[in-house]
Amino acid sequence: DFLCISLVNGFTQLRYNLGDRTVILQTLQKVHTNGNTWHLLNAGRVGNEGYLDLDGVNVTQEASPGMNALDIHSDFFVGGVSSLYLVNPMATENEPTGFTGCIREIVINNRELNLTVTDPKGGANIGDCDGTDCGYTVCKNNGICQIENSGFSCSCPREWTGTMCEQSIHCSQNMCGSHALCIPQPSSFSYTCACALGWTGRYCDNKIKFYIAKFVGNSYIKYTDPFYGKRDLQYSRLSLNFTTNHTEGLIVWMGKSEEEDNDFLAVGLANGTLKVVINLGERISVPLMHNKYFTCSDGRWHFITVVQNQTCIKVYLDEELILFEDIDPQRKYTALNYGGICYFGGFEIGREVNLVTTGLFQKEFIGKIKDVVLFQDSKKIQLMKAEGYNIHDGNSGN
């Protein structure tokens with residue numbers, strides 16, 4: 001499988017193959033090669049239906065029967081490749097050659113790539129295209145870059161300050177400690193401190209230990225499974241205890257949650273009801289709802305276990321089997337390729353739950369979680385040793 005965008009005789013071309021045939025789309029107009037005209041290109045596919053849009057002129061390829069998932073596990077290359085032997089012979093019309101020109105503002109599945117020296121995994125023979133110290137978006141938050149003899153300066157909107165308009169004025173005099181992030185609160189002309197895992201207090205200067213994680217909203221834990229490479233991903237298992245008084249919230253999300261194609265297993269609450277969603281591939285999310293009881297938001301501890309045996313899903317609540325379903329009798333995808341990442345309570349600060357989960361869950365979890373076990377491991381995972389913010393000690397009062 002591949003997806004490739006290239007220039008062919010002055011035209012822009014999109015080629016992709018999902019496993020059965022190569023689809024070719026070409027723009028109706030040529031690009032300007034005078035070196036000073038920027039073009040806006042949108043290209044991609046929905047299933048096996050492709051689209052290619054150059055400066056607002058659209059070309060589409062209607063969907064047809066056949067494969068509709070792009071199964072690739074390679075690096076993503078821009079402007080060239082580390083070795084021309086990596087390029088599928090069908091991906092370009094002529095012999096593949098590297099791109100000469102300028103590229104900026106690349107957005108893949110709604111995520112912008114940072115075209116900097118440090119962010120990409122690798123690269124070679126790349127220079128600054130702007131030719132000035134201003135470059136592209138060097139001033140953050142709509143700041144205006146101005147060339148000066150000593151380099152550049154940023155003229156910032158009134159809400160922002162710093163050499164590159166990177167800091168909110170509400171955080172310019174903040175007292176958050178080294179284990180905290182300053183979160184501006186423009187409505188009150190103030191700020192709050194988001195404490196890193198293991199720290200608490202107004203300014204995050206009090207060290208804590210916990211075995212029960214208390215989530216207060218805008219909280220999350222990101223756990224990286226050290227045994228992921230040895231797991232049999234066709235037979236996954238997750239169990240934990242939780243308690244909450246809230247009717248909405250994402251309890252756990254097993255998956256990288258970086259792109260729409262990422263596999264995941266998610267557990268949360270919707271209208272006070274337990275909701276389990278699983279995606280083993282092809283963007284088909286299968287929500288499983290438990291409607292028998294509305295007891296999950298009652299402030300009591302509940303024990304949940306989710307077992308995935310290929311495409312068969314079993315869900316136990318308080319040791320009672322409440323859901324048993326085969327989500328795909330055809331067995332097309334049978335492994336939960338979750339990337340070794342587990343989120344608890346929500347996602348990184350600034351990433352809204354309803355957006356990341358595309359509406360499957362509405363809010364961050366507010367409540368407590370304990371006794372998390374992955375697969376058939378003999379030990380509970382140590383949430384204290386993960387990454388996270390705004391997690392409190394939930395041991396008190398239990």
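**Disulfides, strands and a loop**

Analyst: The link of C195 and C204 is left-handed, with -85° about the S-S bond. Its sulfurs, S to S, are 2.1 Å apart. Keep in mind that this is a predicted model.

User: Are C195 and C204 buried or exposed?
Analyst: Both C195 and C204 are buried. By contrast, C4 takes part in no disulfide, and the nearest cysteine sulfur, that of C102, is 19 Å away.

User: And C4, buried or exposed?
Analyst: C4 has a relative accessible area of 17%. The cut-off for buried is under 20%, so C4 counts as buried.

User: How many disulfides does a search of the whole structure find?
Analyst: Five. One of them joins C139 to C154, with 2.0 Å from S to S.

User: Where do C139 and C154 sit?
Analyst: C139 lies in the loop between β8 (111-112) and β9 (144-148), while C154 belongs to strand β10 (residues 151-155). They are 15 residues apart, and the pair links distant parts of the chain. C139 is buried at a relative accessible area of 8%, and C154 is buried at 16%.

User: What's the handedness of that disulfide, and why?
Analyst: The torsion about the S-S bond of C139 and C154 is about -85°, so this disulfide is left-handed.

User: What does C171 pair with?
Analyst: C171 is joined to C182 by a disulfide, S to S 1.9 Å. C171 is in the loop between β12 (167-168) and β13 (180-185), and C182 is in strand β13, eleven residues apart. The torsion about their S-S bond is about -90°, so that link is left-handed. C171 counts as buried, at 4% relative accessibility.

User: What about C296, buried or exposed?
Analyst: C296 is buried, with a relative accessible area of 1%.

User: OK, switching to strands. How do β1 and β2 pair?
Analyst: Strand β1 (residues 2-8) and β2 pair in the antiparallel sense, over seven bridges. F2 stands opposite N17 in β2. The hairpin of β1 and β2 has two residues between the strands, and N9 takes a positive phi there, near 55°.

User: What holds paired strands together in general?
Analyst: Strands of a sheet pair through backbone hydrogen bonds, in either the parallel or the antiparallel sense.

User: And what does β2 do on the β3 side?
Analyst: β2 and strand β3 (residues 22-30) also pair in the antiparallel sense, over six bridges. L14 stands opposite L25 in β3. In this hairpin there are four residues between the strands, and G19 has a positive phi near 125°.

User: Why is β2 described as largely enclosed?
Analyst: Strand β2 (residues 11-17) has six of its seven residues buried, so the rest of the structure largely encloses it.

User: Where are β4, β5 and β6 in their sheet?
Analyst: They form an open sheet of three strands in the order β4-β5-β6, with antiparallel pairing. β4 (41-46) and β6 stand at the edges with a single partner strand each, so one side of each has no neighbour in the sheet. From one strand to the next, the twist averages 10°.

User: How many bridges between β5 and β6?
Analyst: Strand β5 (residues 49-54) and β6 pair over five bridges, in the antiparallel sense. In β6, V57 is the bridge partner of L54.

User: What is G79 in contact with?
Analyst: Apart from neighbours within four places in sequence, G79 is in contact with G98, F99 and I103.

User: And how many Å separate G79 from W199?
Analyst: Their C-alpha atoms are separated by 44 Å, and the two are 120 residues apart along the chain.

User: Last one. What does UniProt say about this chain?
Analyst: The UniProt entry, which is unreviewed, places the feature "domain: Laminin G" at residues 1-129 and 210-398. In the model, residues 1-129 are 0% helix and 34% strand. The end C-alpha atoms of that stretch are 32 Å apart.

Terms used:
Residues are numbered from 1 along each chain as its sequence is written. This is a predicted model: local features need pLDDT of at least 70, side-chain atom pairs count only at pLDDT 80 or more; totals for chains, interfaces and linings use all residues. Side-chain values use heavy atoms; hydrogens and water are left out. Contact means heavy atoms within 4.5 Å. Buried means under 20% relative accessible area, exposed over 50%, partly exposed in between (1.4 Å probe, protein chains only). Two strands pair if DSSP finds at least two bridges between them. UniProt positions are given in the numbering used here, feature names are shortened, and annotations may be inferred rather than shown by experiment. Axes are lines fitted to C-alpha atoms, for helices over the stretch in contact, and angles run from 0 to 180 degrees between N-to-C directions. A disulfide is a pair of cysteine sulfur atoms within 2.5 Å.
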